[in-house]
Amino acid sequence: TYGGFLLGCLVLAAGTAIFKPGVQGTLQSGLTKKNSSLGWGFFYQLVNIGGFLGPPLAGYLHGWSWPVVFYGCAVMVSVNFITLFMYDEVDSGGGVKGNPLEVLALTFKEFINPKLVSFIVIMSGFWLMLNQLWDMLPNFIEDWVDTGPVIAALGLKVGALVHETTRGLQIKQEWLINLNAGLIIVFMIPVAAYVSRLRRLTSIICGILLASFGLVVSGYTMSGWCVLLGIALFSFGEMISSPKMNEYLAVIAPEGKKALYLGYANVPLAIGWAYGAK
């Protein structure tokens, strides 16, 4: 039922809200000004390993049934316990104590920081773009893009990457989109090392401009090659800017409130996704 599914999504969101800022705050507590860019690069690379493996794994499990997909995903999330039970307790930098009402009041009090508000407005636009790549571009590829020339050039056959459609052999959209995560896995660390020389805001601005251009290229024609080029450009723009956003939040956060501020990083995601879904 819709109600049951919505409840499940809310429980998943609540668990993520508890889990993710603590991990990010713990990471930040172990970083210095010298290695901060590389540290967040590693974090972003690891996130995208999951993003790369998730869609094909879910597609494979869907071969049995939809329930198997959700059970399989729950098992994969539970694998975290293997490392968490061996996890040394480190101050995550939450810096928030008191009853739920006091915590809520402090959360909103910190939220009105002008730098934080500006960050959220700008990053909401970035996440709006990113979610077009994940949510809208797959539909465009499925309905309009011709990847036949790509298949011919690479000599691909029907299988995991290619399927038969009413428009002939086409590369499955999930594998085209997966180029994004694949490039991030391979190139994130070298890119992070390079942009460590740049000012954080310079890196964020350049990355957003490149990602914007890439999104335009990917949807400008029905050419499969152009879609691949656009996704590649977007991916490098994302690598240049997105990890720097978390790094910037950690820098502007007052001492003892690193995890709290890193939790605010999810607000632009929510705004961008909600508006972009329209």
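Trainee: What kind of model is it?
Mentor: The model is predicted, with local features needing pLDDT of at least 70 and side-chain atom pairs counting only at pLDDT 80 or more, while totals for chains, interfaces and linings use all residues. Residues are numbered from 1 along each chain as its sequence is written, and side-chain values use heavy atoms, leaving out hydrogens and water.

Trainee: How many helices and strands does the protein chain have?
Mentor: The protein chain has twelve helices and two strands; these are DSSP runs numbered from the N terminus, helices being H or I of at least four residues and strands E of at least two.

Trainee: Okay, helices. At what angle do H6 and H10 pack?
Mentor: H6 (residues 114-143) and H10 (residues 224-252) pack at about 155°, with axes 11 Å apart. Axes are lines fitted to C-alpha atoms, for helices over the stretch in contact, and angles run from 0 to 180 degrees between N-to-C directions.

Trainee: And is Glu238 buried or exposed?
Mentor: Glu238 sits in helix H10 and counts as buried because its relative accessibility is 1%. Buried means under 20% relative accessible area, exposed over 50% and partly exposed in between, with a 1.4 Å probe and protein chains only.

Trainee: Which residues does Glu238 contact?
Mentor: Leaving aside neighbours within four places in sequence, Glu238 contacts Tyr44, Phe126, Leu130, Asn180, Ile184, Ala211 and Pro243, where contact means heavy atoms within 4.5 Å.

Trainee: How much of the protein chain is buried?
Mentor: Buried residues make up 36% of its 278 residues.
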